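Please read the points below with the sequence and the model at hand.

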Amino acid sequence: MAKATDVRPQSLARIKTEAQAKKFIEKQIEEIKKQVGDGKVLLALSGGVDSSVCAALIAKAIGKNLTCVHVNHGLLRKGEPEMVCKVFSKQFKTNLVYVDATNKFLNALKGVSDPEEKRKIIGKIFIDVFAKEAKKLKGVEFLGQGTIYPDILESKVGIKAHHNVGGLPKDMQKFALVEPVKFLYKDEVRVVGKALGLPENMVNRQPFPGPGLGVRCVGAITRDRLEAVRESDAILRDEFKKAGLEGKVWQYFTIVPDFKTTGMENGKRTYKWPVVIRAINSVDATAAQPVELSYKLIQKITKRILKEVPSVSRVLVDYSFKDPKLNSATIEWE
């Protein structure tokens, strides 16, 4: 495979400190003002670190001339839609359009068990919803995107496209792109986000798949299993934070597979879902090693899940590794 040519500007030093981040922010605000002028920018705000830092930078530059569209597909983690709305409507005071399309997504996903088909459905509906909201806005000339430098490098060698405009309807591909973090690596984006004043849990947000919890609700998505994933994931994240593991473990989450197991409650037989805990460390997601969790922590998490998530009766831990050269697991189950 061809090797990508480094196209980062020579003037851009690695951003490691708050002082360097503030200098970068000042320069990008000037660049955005110069590019956009009095124009209006539209941005699809997922709540991930890249789109959030991009939105914050553009908001600092042009204020209310930025409109962020946050689409809730019902597959986000607990509390995420509320956090995104609070940060960007109150702290950064952008024009925020919140769309709760949960029913639209879940109805379309009903009975669909193939992982790739689920991804395609989620991606298509997201684009449709975003495009519909975009058509309601007048005078938009620019599209903000949280493209980062690894995206550019991967596009150079044909791994994936530089940005996602190709997936949008033709009438939206006319927009000029505003990509203020396109020459930054992920760690640099986080430093800039912190300097911008974004919340810690947003800046250090774990890698999260585009289809969200849809790929952690293995098989055909049902609302009860989806809720079991969301609630058990929230418990896991809370206990990792209490144990001082937040920011020290690369990624951790729960999965609820599409089968039930026998349990018991009040002396009677039950038939409920199992929850699987997955915690891994990785550098770039091409390989991953499971994190060894203490028995005490596993028991604490297990007891909380069984107590607080009524549809679950069993908790398991996935200690599989990922190695592309060996017979191994992937990070996500789907």
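1. A definition is needed at the outset: axes are lines fitted to C-alpha atoms, for helices over the stretch in contact, and angles run from 0 to 180 degrees between N-to-C directions. The structure to which this is applied here is a predicted model.

2. The pairing of helix 1 and helix 2 may be taken up with that definition in mind. Two packed helices are described by the angle between their axes and the distance between the axes. Helix 1 spans residues 18–36 and helix 2 spans residues 49–62; their axes come within 9 Å and cross at roughly 65 degrees. The crossing of helix 1 and helix 2 is right-handed.

3. Which residues of helix 1 and helix 2 meet? Helix 1 contributes F24, I25, Q28, I29, I32, K33 and V36, while helix 2 contributes L57, I58, K60, A61 and I62. Sorted by class, this contact comprises 9 nonpolar, 1 polar and 2 charged residues.

4. Helix 7 (residues 186–196) has E188, V189, R190, V192, G193 and L196 as its buried residues. These buried residues of helix 7 pack against helix 1 and helix 2, and also against helix 3 (80–91) and helix 8 (200–203). After helix 7 comes G197, with a positive phi near 90 degrees.

5. S232 lies in helix 9, which covers residues 223–242. Is S232 buried or exposed? S232 has a relative accessible area of 0% and is therefore buried, since buried means under 20%. The side chain of S232 reaches the backbone oxygen of A228 at 2.7 Å, and a polar contact of 2.8 Å links the side chain of S232 to that of T254. Leaving aside residues up to four places away in sequence, S232 touches T254, V275, I305 and V309.

6. K272 belongs to strand 8, residues 268–281. With a relative accessible area of 18%, K272 is buried, because the cut-off for that term is under 20%. A polar atom of the K272 side chain lies 2.9 Å from the backbone oxygen of P310. P310 is also among the residues that K272 touches, together with K260, T261, E265, S311, V312 and S313, when residues up to four places away in sequence are not counted.

7. A further point concerns the distance from K272 to S282. These two residues are 10 residues apart along the chain, and their C-alpha atoms are separated by 32 Å.

Notes: Residues numbered from 1 in each chain as written. Predicted model: local features only at pLDDT ≥ 70, side-chain atom pairs only at ≥ 80, totals over all residues. Heavy atoms only, no water. Helix = DSSP H or I, 4+ residues; strand = E, 2+ residues; numbered from the N terminus. Buried < 20%, exposed > 50% of the residue type's maximum accessible area, 1.4 Å probe, protein only. Contact = heavy atoms within 4.5 Å. Polar contact = N/O pair within 3.5 Å; in protein donor to acceptor, adjacent residues only side chain to side chain. Left-handed = near helix turned anticlockwise from the far one by under 90°. Nonpolar A, V, L, I, M, F, W, Y, C, P; charged D, E, K, R; others polar.
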